[in-house]
Amino acid sequence: MSGGVDSAVAAARMLDAGHEVVGVHLALSRSAKTLREGARGCCTIEDAGDARRVADRLGIPFYVWDMAGAFQRDVIDDFVAEYEAGRTPNPCLRCNEKIKFAALLDKALALGFDAVATGHYAQVVEGTAGRELHRAVDEGKDQSYVLGVLDADQLARSFFPLGDTTKPQIREEAAARGFAVAKKPDSHDICFIADGNTRGWLTERLGERPGEIVDEVSGEVVGAHQGSYGFTVGQRRGLGLERSSLDGSPRFVTGVDARDNRVFIGTSDLLGVRHVVGQSARWCGPAPSGEVRVGAQLRAHGEEIPATARVEACDGGEGQGGESRLVVDLDEPVRGVAPGQSVVLYDGTRVVGSATIATTAR
Amino acid sequence: MSTYLDHAATTPMRAAALEAVCEQMHLVGNPSSLHGAGRRARRVVEESREQVAEALGARPSEVIFTSGGTESDNIAVLGSYEARRAADPSRTRIVVSGVEHHAVLDPAMHLAQTQGAPISFVEPGECGTVRPQDVAAVIEEDPDSVALVAVMWANNEVGTIQDVPAIAQVCAEHGIPLHTDAVQACGHLPVDFAASGAETLALSGHKLGGPVGVGAMLARRDAVLAPTSHGGGQERSIRSGTLNAPGIAGLAAALTESVADRDAEARRVAALRDRLLAGTQELGLGVRISGCWEPGDVTTRLPGNAHITIPGCEGDSLLYLLDAAGIECSTGSACQAGVPQPSHVVLAMGRTEEEARGSLRLSLGWTSTEADVDAALAALPDAIDRARRASGAA
């Protein structure tokens, strides 16, 4: 229970459904100062208090579990390392994979609980071959993308009681239930970066690393940057270029080479990606065999693109020993696909699985 | 039906206290008013003051009513520091034991941060005992710099009882005032303020069967204390604010009643504690008793305190599991932002952080029975087993 409206209603609905419910708030920072200042809809002392108020109202026990160590290691350190390596991580997805449906779930199971319920907008459907993860009915709020990392075992222990309802209805329900958090604003951005300035936050940790901005087509050096980790493929703002392009058309980041500390830019026509190779694939059920037609989503709240996907065995070159890779051929080009993000595959509304994007090609 | 084993946090109100509070709450009158209603309320407050003084070996004029133990501790530390430094600017050092409650530690740390007051800690032995000679040694590093010394009468977490008269004697040799937090002691142990030699003493109503929100400090008549709240000049101008006549009447009633059968009750509760501690050892699960324990002991360990550490467990997992099994207890340590921190008291006793995290405090009181003890012992094995698995999982 984050202290927000969604997990509050999720807890109430689980209780209504007849489960024995205990509220758990995750403390993800060891520093009380950060807790107080990180007022972005999660992780503050005030948020823990809001969650406790809801739990008290529901008459359920409430505990704060300290997962700051695991969160630092598996989410924050990973986040920094990924940016440092020129990729664009999704920390919410990593948090679901490593914390909420792993460290928290494992501890809960050991304590005698049967499952974890969260306020995520997604649906669990009992399918013929086991539990399936589906998109939420509220397309605007759907969070199945950040849950695409869950495997069948994790899914079997998960409840998402809000998936059949729209967000405005959840707010109405929270108000009707008398929850003080009914009108609390949604959380946005990354919970551990309090001011939303990711580049500044990364600079504090990685230091300034001056390098060149290079035109991808001409190879000409067109500018300078203070650290390639501050750039993401598809980014347009904050390039700090002195000269505009010859024809005045806007320019975007087309690639980040962390090894040589260079940022490549180009016009929008260079951004279209048709082929994506993913690694560390995770499947919400059996892995697909052969070629399958799917919908591919390449970032949170991104569009779903028709695609053909297949799993290939690695020949030992790029990937880690023996690991397979996921190859996705998109029917139409997609702009701004950044390595490090996840590609989540859908069959209709059903999540098939996901992989971390390793490389892309036009 | 749950089993309440958290009397050190708060204990049920005694019937006499409840009756006294209710009786006064029906009546009007500010004890500072001069008319009949005020005089009636004043009489209640002053008779309560006499009762409190009588129960604790103090003079009525030495009793200052407050909102509770925390306020009393704050007045003692902040007020004593300010007055002593005003009289002699070189007296800025605060000597505290390593096992103090946060109500003493935090005002001291506040003075360290805002006024640069040096804080000297006297670390306890493994039983949590603060040795008078160790207090003397810390004072003697620079006796003229010491503003005050604070050593609690009995520890709220592990139950260790300190030799307050001997420590006060050490302080007196250097003309230094001793404050003692006796929140866990009053009503449960013989407390004789005059004989103790302490300059100031803190107590709380709801720890001894009185109402919450009322407490007192005892301050010797010659104690110099700067006020920490300013206003109407009540309570020797040290603690301004309209006197809480119903609460004060409840505190006095509870204290009088608990002192009346104190020694017999201490032996009864100590026998329950012994049954509980002995029972934890018979479980064969590696439970370790914190501090020193001798069956029947009511002079070095609080009769109602059973503090244990359980290797391989997180205290908050144990709390959840025991709560689910109907056993209400505590880890005994403070929370920061809701995140359990290893207890500074258990750490000061030389235990590791990992051991401290597995702390559990079961505290018995005037309503406790053998059935309570047996219920806790019956619930512990499953809770420990699951908490250990959870600890391995996370």
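Q: In this predicted model, how many of the residues of strand β7 (residues 200–204) of chain B are buried?
A: Strand β7 of chain B is mostly covered.

Q: Which strand pairs with β7(B) in the antiparallel sense?
A: Strand β6 (residues 178–181) of chain B is joined to β7(B) by 3 bridges and runs parallel to β7(B), with B:Asp181 standing opposite B:Ala202. The antiparallel pairing, which extends over 5 bridges, is with strand β8 (residues 215–219) of chain B.

Q: Are helices α2(B) and α8(B) roughly parallel or roughly antiparallel to each other?
A: The axes of helix α2 (residues 36–56) of chain B and helix α8 (residues 245–260) of chain B come within 9 Å and cross at roughly 30 degrees. Angles under 35 degrees count as roughly parallel. The two helices, α2(B) and α8(B), are therefore roughly parallel.

Q: How many nonpolar residues does the contact of α2(B) with α8(B) have?
A: Residues of α2(B), including B:Val44, B:Val45 and B:Val52, meet residues of α8(B), among them B:Ile248, B:Leu251 and B:Leu255. By class, this contact of α2(B) with α8(B) has no charged residues and 3 polar ones, while its nonpolar residues number 12.

Notes: Residues are numbered from 1 along each chain as its sequence is written. Chains are lettered from A and ligands numbered from 1 in the order in which they are written. This is a predicted model: local features need pLDDT of at least 70, side-chain atom pairs count only at pLDDT 80 or more; totals for chains, interfaces and linings use all residues. Axes are lines fitted to C-alpha atoms, for helices over the stretch in contact, and angles run from 0 to 180 degrees between N-to-C directions. Helices (H or I, at least four residues) and strands (E, at least two) are DSSP runs, numbered from the N terminus. Angles under 35 degrees count as roughly parallel, over 145 as roughly antiparallel, 65 to 115 as roughly perpendicular and the rest as oblique. Two residues are in contact if their C-beta atoms, placed from the backbone, lie within 7 Å. Ala, Val, Leu, Ile, Met, Phe, Trp, Tyr, Cys and Pro count as nonpolar, Asp, Glu, Lys and Arg as charged, and the others, Gly among them, as polar. A residue is buried if 20 or more other C-beta atoms lie within 10 Å of its own, exposed if 12 or fewer, and partly exposed in between; C-beta atoms are placed from the backbone. Two strands pair if DSSP finds at least two bridges between them.
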